[in-house]
Amino acid sequence: MTTARAMERKTSFFTTNAVFIGRSIRLSLRNTEALLMAIILPVMLMLLFTYVFGGAIDATGDYVVYVVPGIILLCAGFGSSSTAVSVAEDMTNGIIDRFRTMPIQSVSVITGHIVASLARNLVATAIVIGAGHLVGYRSSASAGEWLAAIGVIALFILAFTWLFAAIGLSSGNPSAASGYGFALLFLPYLSSAFVPTSTMPSWLRGVADHQPITPVIETIRGLLNGTPIHDNGWLSLAWCLGLLAVAFIWCLLVFKRKAGRR
Amino acid sequence: MNRNAIEIRGLRKSYGQQTVLGGIDLTVQEGTIYALLGPNGAGKTTLIHILTTLTDADAGTAKVAGYDVATERNGVKRSISLTGQFAAVDEMLTSRENLTMIGRLSGLTATETRARTAELLEIFDLTAAADKRVKTYSGGMRRRLDLAISLVTECPVLFLDEPTTGLDTTSRRALWDIIMQLKSRGITVFLTTQYLEEADQLADMISVISGGKVVATGTAEQLKSRVGGEVIELLDEHDNVVMSIPTSGSLHDVRQTLNGLGEKAAPGTRVTIRKPSMDDVFVTLTTTSTAASAIQTTNEEAAI
């Protein structure tokens, strides 16, 4: 009797991740609604804050310069949030069991979503900056400052994407994931994204100054617009790296629990 | 000498107060089709999950392809393939992309993956739909793709959890053919099913599981013979079965049974004598002791 032999091959760490990243990017491109939203939202917000609210907030017409960094983060936060839904979908339909019974690092399925989200949101950031340009935004930044700003934005996207991935892993189903994730999307409104925190009542100012979005926005503003950064550079790095570490460990723990024994 | 593909000893699993597996012992020979037959909630899926490393057992041991499922997970994972109860396919991808993804993850090169994908699409009659998103597929097509994905690399042990649930007759028969072909290539197939006919048609050995315990093991013939030699069925004028009585099959027993019925039978009642079906086996083995003894009583009453 002939016996079928197991393919005694090892899949490299690189191949595993490349396959999952490719899959997630493909899924992103095929999710037409989310993709359209990712393109239309930055443009709409840009127009809304420049032409509708802009005149009331700052009559000089320079509001667009102030608001671009805020809209970048608002869109990045929004764009990352779909990671929660994608991760929850993968964990609830049967495909995760298939990956888990294969001799691979199945947690790479999450990494795939993270990298796809980073790529997606950097494109969205480019769209915000492009749309800003069309409505009169000009930056005084040097190439180095641009790179640093993009670095901070990328770090912010990574931290929030991991956080949304952890939310997706922890919630029982995709719609719950979407609901929990929604709460995080309010953070930019309670920050210096749209108005300086000095204009807020003191109790709210306390909240706005001590959450991750404000220092990140002030850092980007400093790099792109030349406003003083003060401690915000270090603060934003600390916030982002801290969130990243917490979200990463949270993800691994929940994945292990959900993927280990049921 | 055949080796054992699966060896299970004293396997137990509980969720809180509820015992799902109450001490399972099973041995599956290499290159055979083994069916685990049982009603919903009997513990079939839990057992499959333990054997495929998805769940840990509370007690007992299980070896798959010679590897211990608790301590040698990677060895197990390299030797098995699972087609779960819910199609584990990516709906937003096409079937070609699904197969390619798993091929690459299984360590095949790009060229090997391309060749294997084309081959499987052909075998599973999916070539025409290969580049359509799985979302648009029928249940049968999804199932076929699911099974195709499990076979991207030919693992020695294949687990199928209710492979034909929800399929129409044609798709079911097509899947049965494929499963038989796998066996002829030396693959061990361990499947669960609620369909008696499926176990009867496919399996070399069947274990009937009920309430987390194996209540009987044997070939389809052996299990049927446990129920009795021949079953006498009484049919009314519309061909509905009004009574079904197991007998030993001896002339004496059959005559006694029929004599005993004599006056009770309504005019127009007809009689057939048949071999016991897997249904009889199932009912006898999985119903509670009261129900089982009721069948026994009918038998004895009739015999008097």
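Which pattern does chain A follow when read along the sequence? Select chain A and colour the predicted model by secondary structure: the pattern is α-α-α-α-α-α-α-α-α-α, with ten helices and zero strands. Helices here are DSSP runs of H or I of at least four residues, strands runs of E of at least two, numbered from the N terminus.

This is a predicted model, in which local features need pLDDT of at least 70 and side-chain atom pairs pLDDT 80 or more, while totals for chains, interfaces and linings use all residues. Residues are numbered from 1 along each chain as its sequence is written, chains are lettered from A and ligands numbered from 1 in the order written, and side-chain values use heavy atoms, without hydrogens and water.

Next, display the surface of chain A. Its accessible area (Shrake-Rupley method, 1.4 Å probe) is about 12100 Å², and carbon and sulfur atoms contribute 70% of this. Of its 262 residues, 50% are buried, that is, under 20% relative accessible area with a 1.4 Å probe, counting protein chains only.

Now select chain B together with chain A. Contacts (heavy atoms within 4.5 Å) link 44 residues of chain B with 33 residues of chain A. The two chains bury about 3400 Å² between them, 56% of it on carbon and sulfur atoms; buried area is the accessible area (1.4 Å probe) lost by two parts on being put together, summed over both.

Finally, select Leu54(B), Arg78(B) and Leu105(B): in chain B these lose the most area to chain A, together 21% of what that side buries.
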